Amino acid sequence: NSGLGNVRNQAIEEARGEYIAWNDADDISVPTRLNKQINFLDKHPDFGLLGTWVKIIDEKSNRTGIKWKDNVTAEEMPIALLFHNRFAQSSVVLRKSVLPPEPYRQEYAPTEDYDLWLRLAAKNKAKNFPEILLEYREHSGGQSKLKSRSKENSVRKLITEQINKLGIKPNEDELVIHRTNYVYTGENLMRFISEREHWLNRLVEANNKMGRYDKKDFRKFIGRAWLTSCSSNIKKDSRIKKIFWLSPLSKNFSLQKDWKQFAKLIFG
């Protein structure tokens with residue numbers, strides 16, 4: 001009854017192995033999951049955290065067809081976590097030796113896992129193993145929506161703290177722009193694209209000044225975020241293509257890595 005984070009901390013304290021692996025009761029790991037993750041971690045001692053790709057199932061274990069395939073590199077992961085949580089809790093294996101004294105902090109519930117990933121990725125390599133090794137169960141209904149709102153508020157608190165470390169104090173509108181990485185569903189698309197570009201440029205300038213993240217990696221990741229914002233909305237307004245090219249952010253993405261998003265932008 002002390003909260004999920006405290007229960008996890010107690011389990012970590014009692015564990016005696018080199019690694020901590022999670023699998024919440026609702027989720028299903030494939031039989032080879034732990035073998036593949038432990039083999040990877042054994043060969044890469046500089047990694048402190050390893051998740052996996054995920055397939056979504058519903059309450060009745062039916063596959064929804066939704067998959068989370070995260071291709072963010074270990075070098076990009078601290079930057080990617082500035083925008084979203086990239087790890088499913090039940091897919092994660094942690095190296096116990098790199099855990100802080102209080103791994104799951106209750107004040108960040110219900111996203112205390114995200115808080116831990118942020119702290120670990122700042123000091124250790126972290127990424128997702130490029131294979132679907134977990135079936136993650138999502139529940140529908142009112143209670144789930146209530147939890148989603150609570151999670152989003154907690155996520156915004158965490159992200160705000162990270163942005164503050166760049167010397168920026170975002171307001172509520174800026175946080176919405178920061179978190180809208182894909183299809184925009186609001187009323188004024190062109191205004192959003194303009195505000196999104198301004199915000200991403202501001203992040204680059206702040207990091208150039210503060211040096212919190214590797215400057216080259218940061219510019220490339222932000223360039224990719226700009227490409228994704230434009231390509232995800234190009235069908236709604238073709239003028240976005242011109243705005244994309246006029247922005248200095250368009251010089252920073254990797255064509256080799258981001259060719260699918262680029263093709264989507266060019267060909268709609």
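Here are some worked exercises on this predicted model.

**Exercise 1. Work out whether the overall dimensions of the protein fit a compact globule.**

Solution. Then look at burial: 46% of the 268 residues are buried. Finally, count the secondary structure, and you get 10 helices and six strands.

**Exercise 2. Take the salt bridge between Glu 131 and Lys 36, and say where the partners sit and how exposed they are.**

Solution. First check the distance: the two side chains meet at 2.4 Å, N to O. Now place the partners: Glu 131 belongs to strand S6 (residues 125-137) and Lys 36 to helix H2 (residues 33-43). They are 95 residues apart, so this pair links distant parts of the chain. Glu 131 has a relative accessible area of 30%, so it is partly exposed. Lys 36 comes in at 25%, so it is partly exposed too.

**Exercise 3. Find what the salt bridges of Asp 70 and Asp 115 tie together, and decide whether each Asp is buried or exposed.**

Solution. Take Asp 70 to begin with. Its side chain meets that of Arg 86 at 2.7 Å, N to O. Asp 70 is in the loop between S4 and helix H3 (77-80), while Arg 86 is in the loop between H3 and S5, so the bridge ties together parts 16 residues apart in sequence. Buried means under 20%, and Asp 70 has a relative accessible area of 12%, so it is buried.

Now do Asp 115. Its partner is Arg 105, at 2.8 Å, N to O. Asp 115 lies in helix H4 and Arg 105 in the loop between S5 and H4, so this pair ties together parts 10 residues apart in sequence. With a relative accessible area of 2%, Asp 115 is buried. Arg 105, at 21%, counts as partly exposed.

To put these pairs in context, the whole structure has 18 salt bridges. There is also a network of them that links Glu 76, Arg 224, Lys 257 and Asp 258.

**Exercise 4. Track down the backbone features at Pro 110 and Ser 61.**

Solution. Go to Pro 110 and look at the peptide bond that joins it to Ala 109: omega is about 5°, and the bond is cis. Pro 110 is in the loop between strand S5 (93-95) and helix H4 (112-121). Then move to Ser 61, which has a positive phi of about 70° even though it isn't a glycine. Ser 61 sits in the loop between strand S3 (47-57) and strand S4 (63-68). Its relative accessible area is 37%, so Ser 61 is partly exposed.

**Exercise 5. Which residues gather in a patch of positive charge on the surface, and where do Lys 220 and Lys 260 lie?**

Solution. The patch is made up of Lys 215, Lys 216, Arg 219 and Lys 220. Lys 220 is in helix H8 (residues 215-231), and at 34% relative accessibility it counts as partly exposed. Over in helix H10 (residues 259-267) you'll find Lys 260. Lys 260 has a relative accessible area of 60%, so it is exposed. To finish, pair Lys 260 with Lys 169: they are 91 residues apart along the chain, and their C-alpha atoms are separated by 34 Å.

Terms used
Residues numbered from 1 in each chain as written. Predicted model: local features only at pLDDT ≥ 70, side-chain atom pairs only at ≥ 80, totals over all residues. Heavy atoms only, no water. Patch = residues over 30% accessible without salt bridge, like charges linked within 9 Å, V, L, I, M, F, W, Y side chains within 5 Å. Areas by Shrake-Rupley, 256 points an atom, 1.4 Å probe, with all protein chains shown as cover. Salt bridge = Lys/Arg side-chain N within 4 Å of Asp/Glu carboxyl O. Lys, Arg positive; Asp, Glu negative; His and termini not counted. Charge placed at Lys NZ, Arg CZ, Asp CG, Glu CD. Helix = DSSP H or I, 4+ residues; strand = E, 2+ residues; numbered from the N terminus. Buried < 20%, exposed > 50% of the residue type's maximum accessible area, 1.4 Å probe, protein only. Rg over C-alpha atoms; globule rule 2.2 N^0.38 Å.
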